[in-house]
Amino acid sequence: MPRLKDYFDSDLSSFMNVDEFADVIDIDGDSVKVVFDSEALKEIQLSNGGEGLATSELLFHVAKSELDFEPFPGQDLMIDGDLLYVNDVKEDEGMYTITLGAARS
């Protein structure tokens, strides 16, 4: 009998389809499918009154299986040739939501 998690996994592949929602970007030299979410980024910035995560420039969702590492706040990542700083990472149902800002100098 299929488990509920099996259904989530099949839905995840539809969500991460490059013909529908996803884009392919370079993360530390690997091609990775992600879904950008500018609306969620705006909500985060507004909920903080423009403080804290307001310095974030990018928010995307990525399947855990797409990455060969576990992202963490404070980590620097090369995204399409730009050095960015991981401000926040949330994990839910086989996905990461990663919020990035300009790397600290």
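User: Hi! Where does Asp80 lie?

Analyst: Hi! Asp80 lies in the loop between E4 and E5. Helices (H or I, at least four residues) and strands (E, at least two) are DSSP runs, numbered from the N terminus. This is a predicted model, where local features need pLDDT of at least 70, side-chain atom pairs count only at pLDDT 80 or more, and totals for chains, interfaces and linings use all residues. Residues are numbered from 1 along each chain as its sequence is written, and side-chain values use heavy atoms, with hydrogens and water left out.

User: Thanks! What is the phi of Asp80?

Analyst: Near 50°, a positive value in a residue other than glycine. Most residues other than glycine have a negative phi. Asp80 is partly exposed, at 47% relative accessibility; buried means under 20% relative accessible area, exposed over 50%, and partly exposed in between (1.4 Å probe, protein chains only).

User: And Gly81, where is its place?

Analyst: Gly81 is in the loop between strand E4 (76-79) and strand E5 (82-92). Gly81 is exposed, with a relative accessible area of 54%. Gly81 and Asp26 are 7.6 Å apart in space, C-alpha to C-alpha, while 55 residues separate them in sequence.

User: What about Glu93, what is its phi?

Analyst: Phi of Glu93 is near 50°, again positive in a residue other than glycine. Glu93 sits in the loop between E5 and strand E6 (95-102), and is exposed at 52% relative accessible area.

User: Switching topic: how many aromatic pairs does the structure hold?

Analyst: One. Phe36 and Phe60 form that pair, edge-to-face, at 6.2 Å centre to centre with 80° between the planes. For the cut-offs, rings of Phe, Tyr and Trp (its six-membered ring) pair if their centres lie within 6.5 Å; planes under 30 degrees apart count as stacked, over 60 as edge-to-face and the rest as tilted.

User: Which strands do Phe36 and Phe60 lie in?

Analyst: Phe36 lies in strand E2 (residues 30-36) and Phe60 in strand E3 (residues 56-63), so the pair ties together parts that are 24 residues apart in sequence. Phe60 is buried at 0% relative accessible area, whereas Phe36 is partly exposed at 36%.

User: Nice. In what order do the elements of the chain run?

Analyst: From the N terminus on, they run α-β-β-α-β-β-β-β, with two helices and six strands.

User: Which element has the lowest mean pLDDT?

Analyst: Helix H1 (residues 4-15), at 56, while E4 has the highest, 96. pLDDT is the predictor's confidence in each residue, from 0 to 100. Where pLDDT is low, the predicted coordinates should not be read in detail.
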